[in-house]
Amino acid sequence: MSGSGEPVGKPVAAWALGLFPENIIGFCSRGLKYIAAAFLSLPVLYVFYSSLSSARRYADCFDFAPVPAGSVAVVADGEALNVSHIVFGIGASVDTWEKRRRYAELWWRPGETRGFVWLDRKPDTWEDDGPPYRVSEDLSNRGFGGSPSAVRMARIAAESFRLGLEGTRWFVMGDDDTVFVPDNVVAALAGLDHRAMWYVGAPSESVEQDLVHSYGMAFGGGGFALSLGAAEALSVAIDGCLERYGNFYGSDQRVQACMSELGVPLTRHPGFHQVPLSLSLSPTSYYRVRQAQVNRGVDGTVNFGHMVPRGSSTCGVPSPCGVQLLVNLEGLQRIEQIAFSTRSPFRGRNDSGIVNCVWHVQVDIHGDAYGLLAAHPTAPLVSLHHLDAVEPLFPTKTQLDSVASLMGAARFDPARTLQQAFCYDPTLRWTVSVSWGYTAQIYPALLPPHVLEKTLGTFQTWRSSQDGPFTFNTRPMPDEPCARPAIFFLDRVQNVSSKATITTYGRHVPGPEMVCKDRNYPSLALQNVRVFSSKMPSSVWTQVRANFIYWNLGAARRQCCDIKWGRLKAAIDVRLRSCGLHETITPPK
């Protein structure tokens with residue numbers, strides 16, 4: 001029978017015939033063919049297997065699930081990351097350092113932190129209790145285009161890498177007026193393998209700035225971090241990039257362009273803050289700030305970095321764009337006199353009718369930083385920048401004293417600093433919001449978390465002085481006094497044990513026109529908010545993974561709190577705690 005008429009088992013029987021001796025030659029011939037075919041197919045199978053393996057490894061790169069609680073973040077070289085593995089590069093000049101070094105002294109830990117202040121020339125003297133210095137390489141004969149200062153700053157990471165300091169895993173860059181929280185820098189980087197190429201930082205808070213520069217650029221003033229692997233690659237490529245990008249404005253723009261050529265994108269971390277702020281500053285308010293410094297014995301020049309008048313001759317003090325304007329007390333008095341001159345072009349008047357001289361500071365937002373710091377994202381505070389260009393963070397203190405207070409709190413509990421929590425008083429129908437180490441707010445209403453986590457708009461965009469857009473959501477500060485929160489600022493921090501603290505926040509009394517007399521509003525008899533909390537372990541932040549673009553804080557969760565009234569209703573006590581597994585922060589009905 002032929003074709004389809006043959007039984008199904010027939011081919012097997014035919015194959016069996018090949019096992020008999022009389023067919024041994026045919027069997028061997030066919031066997032050799034099969035072996036040859038199998039041998040020739042091995043390369044194809046190997047390529048196929050490799051493709052599957054690579055695909056699995058590639059898919060793992062996009063596994064953004066948080067590291068399970070209790071696990072250890074990437075530990076290389078047999079030791080978990082600590083501050084000694086980080087080399088800080090502080091960009092400065094001899095002319096600016098003396099005025100700004102006090103900010104570095106607030107966070108630098110002699111004998112513990114490592115790094116250098118990179119200067120343009122050798123200083124006449126140097127304080128031994130601060131960071132050591134290095135003089136940047138002389139580039140006068142290299143022919144790099146653009147600002148020599150920007151070129152010099154862009155090479156700091158490369159020059160730091162070339163020092164070959166033992167045990168270095170990360171290089172963290174900042175300006176001489178950048179304030180870091182070293183423990184939180186460690187927490188921010190501990191989940192990343194320093195042997196790979198990582199470029200970590202944050203763009204500007206202002207959309208206008210990011211449109212001009214790049215959403216993929218870490219603004220240098222807020223600080224950025226380069227892993228050992230990235231710094232090594234940058235050290236090879238940077239000079240070629242500087243030749244190609246001589247038309248760029250700043251050092252951070254040059255570094256980002258070079259990282260882009262290396263194929264390393266920005267990993268955004270919300271704890272790096274370009275923050276600061278421009279402000280409209282009247283001579284009278286400036287004088288009050290300076291007078292407070294004099295009263296506290298703070299002598300010398302007050303530095304408002306990168307200040308230029310709005311308009312070519314506003315306040316009669318012409319200054320080219322980008323030039324440092326240093327105003328000493330004598331010069332301030334001269335400006336004070338100009339403020340009362342009817343011949344000067346002023347921008348407006350304050351509530352008392354005194355003419356204001358409005359300054360425009362070339363930074364990222366315009367106004368007061370309070371709203372930003374009172375609603376910090378659920379991420380460790382890593383850095384703050386350009387603090388000389390902001391209204392004092394604490395209204396009754398100078399800026400240096402304000403930053404010292406914030407950093408003092410950070411030394412008690414760095415991981416918790418500026419972390420926000422809210423809870424409710426169902427009887428009075430009040431909402432309490434705490435930004436640990438800085439401020440507490442009491443609202444005379446029940447506000448849900450999705451409102452409270454939005455930043456109060458106490459600032460505007462720096463280019464157009466508008467209410468936005470920013471890279472985060474904002475809500476307006478109400479004009480009506482009774483709709484505003486009662487505000488309390490940090491007064492003191494104390495340990496109650498090695499694992500717990502009490503922070504006390506004192507009532508800030510606004511001007512008479514902003515005092516609310518409504519019966520449901522927190523009366524002035526309520527003078528203090530006391531916050532009881534356990535110290536937050538840094539593992540809250542290290543038990544996360546970063547993806548290629550954004551920092552994934554999936555393991556982090558805002559904490560809950562409970563309210564208890566103190567004696568005589570002069571204080572309210574707030575206890576911070578971890579939320580229950582399925583607990584929600586929901587306003588009472």
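## Close-up views of a predicted protein model

**Figure 1. Strand E25 pairs with strand E26.** Strand E25 and strand E26 (residues 528–534) run antiparallel and are joined by 7 bridges. What you see here is a predicted model, so please read every value as computed from that prediction. Look for threonine 503, which faces valine 531 in E26. How many residues of strand E25 (residues 500–507) are buried? The count is 8 of 8, and the strand is mostly covered.

**Figure 2. Strand E24 meets E25 in a hairpin.** Here we stay with E25 and turn to another partner. Strand E24 (residues 486–497) runs antiparallel to E25, and 8 bridges join the two. Between E24 and E25 lie 2 residues, and the two strands form a hairpin. Which residue stands opposite threonine 503 in this pairing? It is valine 493.

**Figure 3. Helix H6 is largely enclosed.** Why can we say that helix H6 (residues 182–189) is largely enclosed by the rest of the structure? The reason is that 7 of its 8 residues are buried.

**Figure 4. Arginine 100 touches aspartate 176.** Arginine 100 belongs to helix H3 (residues 94–107). Is arginine 100 buried or exposed? Its relative accessible area is 6%, and buried means under 20%, so arginine 100 counts as buried. Its side chain makes a polar contact of 2.8 Å with the side chain of aspartate 176.

**Figure 5. Four aromatic residues form one cluster.** The members of this cluster are Phe88, Trp107, Trp108 and Phe180. A pair of aromatic rings is described by how far apart the centres are and by the angle between the planes. In the whole model, the count of aromatic pairs comes to 17. One of them joins phenylalanine 88 and phenylalanine 180: the ring centres are 5.4 Å apart and the planes meet at 50 degrees, so this pair is tilted. This pair links distant parts of the chain, with phenylalanine 88 in strand E1 (residues 86–91) and phenylalanine 180 in strand E5 (residues 179–180), 92 residues apart. Phenylalanine 88 is buried at 0% relative accessibility, and phenylalanine 180 is buried at 1%. Tryptophan 107 and tryptophan 108 make an edge-to-face pair, with 5.6 Å from centre to centre and 70 degrees between the planes. Both of these tryptophans are buried.

**Figure 6. Charged residues lie over ring faces.** Which residue lies over the face of phenylalanine 116? It is arginine 134, at 4.8 Å from the ring centre. Elsewhere, lysine 397 lies over the face of phenylalanine 394, at 4.9 Å from the ring centre.

**Figure 7. The whole chain gives the close-ups their setting.** The protein chain contains 15 helices and 30 strands. Of its 589 residues, 50% are buried. Among contacts with a separation of 6 or more, 70% are between residues 24 or more positions apart. The accessible surface is about 28300 Å², and carbon and sulfur atoms account for 56% of that area.

Definitions and conventions. Residues numbered from 1 in each chain as written. Predicted model: local features only at pLDDT ≥ 70, side-chain atom pairs only at ≥ 80, totals over all residues. Heavy atoms only, no water. Buried < 20%, exposed > 50% of the residue type's maximum accessible area, 1.4 Å probe, protein only. Helix = DSSP H or I, 4+ residues; strand = E, 2+ residues; numbered from the N terminus. Polar contact = N/O pair within 3.5 Å; in protein donor to acceptor, adjacent residues only side chain to side chain. Pairing = 2+ DSSP bridges. Contact = heavy atoms within 4.5 Å. Areas by Shrake-Rupley, 256 points an atom, 1.4 Å probe, with all protein chains shown as cover. Phe/Tyr/Trp six-rings, centres within 6.5 Å; stacked < 30°, edge-to-face > 60°. Lys NZ or Arg CZ within 6 Å of the ring centre and 35° of its normal.
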